[in-house]
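Please keep the sequence and the structure in view while reading.

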Amino acid sequence: MTASGWALQSASLTPPEPADRVAANASAWLYQYRMVVDVFHFDHRRKKGACLRGWFPGPNGKKTRASLLSLRRGPVLRVSDNRRLSLAVERRGRHVPGRILALAGCSGELLRVLAAAAQGGGHLTTERSYAANQPTIALELKHGKKERLTLYVSPRLYRPLVAIVATDGHEATARLYLSRAKPHLLARFHLLRLAEARRRR
Amino acid sequence: MSARSNTVAVQGLALSPMPRWLVGWWAVGRLVAIGTALALKPTVWTLDLWDGRWYRMVARDGYLLVPGRQSDPAFFPLYPIMLRALHAAGVGWGVAGPLLSNLALLLGLWLFYALTREIFSEPLARRSTIYLAIFPLSYVFSMAYPESVELVLLAAATLAALRKRWWLAALCAGAAALARPEGLFLALPLAGIAWSQRQSLPPVRRGAALAAVIAPAAALTSYSLYLDTVLHDPLAWSQAERAWGRQFRIEGAHRAFAHLPTALGHNPWVVRDVVFFFGYLALLYAARRLGTPPLWLAAGAAIVVLPIFTGAFNSIGRFGLLAPPLFWSLAGLTRDKRSERIVRSLSLVLLVLGTASLAYVFP
């Protein structure tokens, strides 16, 4: 019964596409780590930052699922689940393309986009590549002619290493360091107070 | 499909011809459910919504587990396999599910009638079959959900066992476990029937009876093995269930009651499932007094009570559709014509309202 059941399923159902599997495996990493320390490259600038996923109070004070993206010597941006961007902490500095940076450097945003593409039959492709000084698999998601997300993952474990987002003529690259949300890291990126506010509420 | 399966069923289970009243009540129930669904959203095929989309996704693209997200391994494989076969025969994805479910229900009602007549009496079998056909939540039998197919397999497995066709029973019981998790509880009535026939069965048939009892567990194992093959995770279905908010815990039942006010605040429709849950408990009690075989009662109780150990009441109303003792009990309680008429009328009115609720809430 077990063997015939297995044979029936194997013969009748299609296995997932390799690109969908890579996306699902990369999503597993992104789901496990709610904090990412990023090194961004955009508009000929290099900037460090960190993104924390969780439940945070929004502009109306109500807690919702969101990501906080903090840039060194820059603002702290809040990206809600419905992709609305708001300022959590304002700081002086040059304008940053927050939406693109959040998509490239936040585990929550990457997870949402990849999972939707893998489950919804989005146009995902994979190819062998090289990034972060090592061989990688490049997972590419195209949306229309102008939007593109490329995630470079390690070939065996599918750990996300680098993300490149191109949209509306802008491009941002993020070197991803998946991290645990430890107090010293949160403090370094001015996220400790916001993370504690989350806990208190 | 119907004519062919009818022939197979007649040969395998020695069934009498399908009664006309049964076809009539099946048609009444389906007309009400499908008519309401079409009136509700004439441009959108309401009966293909909710879980139907996930079954279609599995049929089209296979399984994929995305950790932390609602994923399709929570949906068992037999129904998508059947959808895929229908699609290969030229039926569109949107129509395949409701078509399969509605036709399977006709066969399921016929087998359920034969099964009930075998265990109780003709009048009770007739009443309980009619109640099942027009039950307030029976619109699920018209949706792209596997409940109709599960009903066919559940009734066929136990009827085959009662007729001492144990290999057929094993096949149907295994298939039932591949259609819905409730198929696992078929082992209980099958064990009861096997025990009652232990003196009259030759040794080979005894082996077949044992195979039928363990068939649901064996089939479930095959699903885990398949998931291990394609997703490298034999427990992917359990992981996916977690993302749907379902995780079995000993304290789950306590949590379900403790969190009920919050759950009602979040989704007031939960009250529907709470009402059905307590209604089902009362019917199970009445089924015991009716003389329902104890292992059938145990299977019915497992179908109704175990889901609350996941910490929520959601969808218990729908799960109860696959617990035959509930319908036997309802039929046993309404022996006089007047109460029978009341139950029929009330069921049809609630069936219209239930189908209309599909626009707002999952069944």
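B:Phe278 is found in helix α14 of chain B, which spans residues 270-290, helices being DSSP runs of H or I with at least four residues, numbered from the N terminus. The model is predicted, so local features need pLDDT of at least 70 and side-chain atom pairs count only at pLDDT 80 or more, whereas totals for chains, interfaces and linings use all residues. Residues are numbered from 1 along each chain as its sequence is written, and chains are lettered from A in the order in which they are written.

B:Phe278 is exposed because 12 other C-beta atoms lie within 10 Å, the cut-off for exposed being 12 or fewer, with C-beta atoms placed from the backbone. Its C-alpha atom is separated by 10.0 Å from that of B:Val305, 27 residues apart along the chain.

## Helices α7 and α9 of chain B

Helix α7 (residues 147-162) and helix α9 (residues 187-196) of chain B pack at an angle of about 5°, with their axes 9 Å apart; axes are lines fitted to C-alpha atoms over the stretch in contact, and angles run from 0 to 180 degrees between N-to-C directions. α7(B) and α9(B) are therefore roughly parallel to each other, a term for angles under 35 degrees.

The contact (C-beta atoms, placed from the backbone, within 7 Å) involves B:Ala157, B:Thr158, B:Ala161 and B:Leu162 of α7(B), together with B:Pro189, B:Leu190 and B:Ile193 of α9(B).

## The contact between chains A and B

Chain A gives 21 residues to the contact and chain B gives 26 residues. On the side of chain A that touches chain B, the elements giving two or more residues are α1 (2-12), α2 (18-32) and α4 (107-119), and the largest share, seven residues, comes from α1(A).

Key:
Contact = placed C-beta atoms within 7 Å. Buried ≥ 20, exposed ≤ 12 C-beta atoms within 10 Å, placed from the backbone. Parallel < 35°, antiparallel > 145°, perpendicular 65-115°, else oblique.
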